[in-house]
Amino acid sequence: MLDLIYDIVGYNDAGQKCHPFKGKQGTKKGFYSYTLLNDNKTFKPITETELRKKIEDGHFTGVGRIRMIPEGTTKTSGAGALSVHSYLGKRLV
């Protein structure tokens with residue numbers, strides 16, 4: 001079972017509702033993954049508390065993205081780097 005944060009929402013290119021997930025292996029095992037840059041190489045591990053703080057501080061209203069998967073997905077292989085659309089039910093973008 002994957003650990004998702006359901007009140008952080010992004011949408012993939014197919015329009016599916018997606019949520020951040022905890023990594024299952026490697027250096028990001030047990031952490032969520034984010035970047036504040038406009039690339040796919042600088043993802044950093046982060047705890048849920050730290051991630052929420054960054055969202056609340058406005059770090060994801062620009063180029064910041066979080067690795068997310070669609071609701072109901074059981075594997076992380078289709079994860080995408082998505083902008084935060086809404087947080088705690090409030091739209092950000």
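**A chat about loops, cores and a pocket**

Biologist: Where is the place of Gly-72?

Modeller: Gly-72 has its place in the loop between β5 and β6. Please keep in mind that this is a predicted model.

Biologist: Is Gly-72 buried or exposed?

Modeller: Gly-72 has a relative accessible area of 69%. The cut-off for exposed is over 50%, so Gly-72 counts as exposed.

Biologist: Before we continue, what pLDDT does the chain average?

Modeller: The average pLDDT of the chain is 92, and 99% of the residues score at least 70.

Biologist: Which elements have the lowest and the highest mean pLDDT?

Modeller: Strand β6, residues 80-82, has the lowest mean pLDDT among the elements of the chain, at 92. The highest belongs to α1, at 97.

Biologist: Let us turn to the inside. Which residues touch the most other members of the largest nonpolar core?

Modeller: That core has 14 residues, and the ones touching the most other members are Ile-8, Leu-51, Ile-55, Phe-60, Ile-66, Met-68 and Val-84. Two or more residues of this core come from each of β3 (32-35), α1 (48-56) and β5 (65-70).

Biologist: What does Phe-60 touch?

Modeller: Not counting residues up to four places away in sequence, Phe-60 touches Tyr-34, Thr-35, Leu-36, Leu-51, Lys-54, Ile-55, Arg-65, Ile-66 and Val-84.

Biologist: Which residues does the second, separate core include?

Modeller: The second core has 5 residues, among them Leu-2, Leu-4, Ile-69 and Ala-79. As a general point, nonpolar side chains in soluble globular proteins tend to be buried together.

Biologist: Now Pro-20. In which strand does Pro-20 lie, and why does Pro-20 count as buried?

Modeller: Pro-20 lies in strand β2, residues 17-20. Pro-20 counts as buried because its relative accessibility is 0%, and the cut-off for buried is under 20%.

Biologist: What is Pro-20 in contact with?

Modeller: Leaving aside neighbours within four places in sequence, the contacts of Pro-20 include Asp-3, Ile-5, Ile-8, Tyr-32, Leu-51 and Met-68. The C-alpha atoms of Pro-20 and Leu-51 are 9.8 Å apart, although these two residues are 31 residues apart in sequence.

Biologist: Changing topic: how much space lies in the largest pocket, and which residues line the largest pocket?

Modeller: The largest pocket holds about 240 Å³ of space. Its lining consists of Phe-21, Gly-23, Lys-24, Gln-25, Lys-28, Phe-31, Tyr-32, Ser-33, Phe-43, Arg-67 and Thr-76. By class, 4 of these are nonpolar, 4 polar and 3 charged.

Biologist: Is Ser-33 buried or exposed?

Modeller: Ser-33 counts as buried, because its relative accessibility is 9%. Ser-33 is placed in strand β3. Beyond its neighbours within four places in sequence, Ser-33 is in contact with residues including Lys-28, Phe-43 and Arg-67, which also line the largest pocket.

Biologist: And Arg-65, which is in contact with Ser-33: where is Arg-65 found?

Modeller: Arg-65 is found in strand β5. With 13% relative accessibility, Arg-65 counts as buried. Leaving aside neighbours within four places in sequence, its contacts also include Asn-38, Asp-39, Asn-40, Phe-60 and Ala-81. The C-alpha atoms of Arg-65 and Tyr-87 are separated by 13 Å.

Biologist: Back to loops. Where is Thr-42 found, and what does Thr-42 touch?

Modeller: Thr-42 is in the loop between β3 and β4 (44-46). Not counting residues up to four places away in sequence, Thr-42 touches Tyr-34, Thr-35 and Leu-37. Its relative accessible area is 24%, so Thr-42 is partly exposed. The C-alpha atoms of Thr-42 and Gln-16 are separated by 24 Å.

Biologist: Finally, what is the phi of Leu-88?

Modeller: Phi of Leu-88 is near 55°, a positive value in a residue that is not glycine. Most residues other than glycine have a negative phi. Leu-88 is found in the loop between β7 (86-87) and β8 (90-91).

How values were computed: Residues numbered from 1 in each chain as written. Predicted model: local features only at pLDDT ≥ 70, side-chain atom pairs only at ≥ 80, totals over all residues. Heavy atoms only, no water. 1 Å grid on protein atoms, 1.4 Å probe; cavity = no way out; pocket = protein on both sides within 12 Å on 5 of 7 lines; lining within 4 Å. Points joined across faces, edges and corners; volume = space filled by probe spheres on them. Nonpolar A, V, L, I, M, F, W, Y, C, P; charged D, E, K, R; others polar. Core = buried A, V, L, I, M, F, W, Y, C linked by side-chain atoms within 4.5 Å. Buried < 20%, exposed > 50% of the residue type's maximum accessible area, 1.4 Å probe, protein only. Helix = DSSP H or I, 4+ residues; strand = E, 2+ residues; numbered from the N terminus. Contact = heavy atoms within 4.5 Å. pLDDT = per-residue confidence, 0-100.
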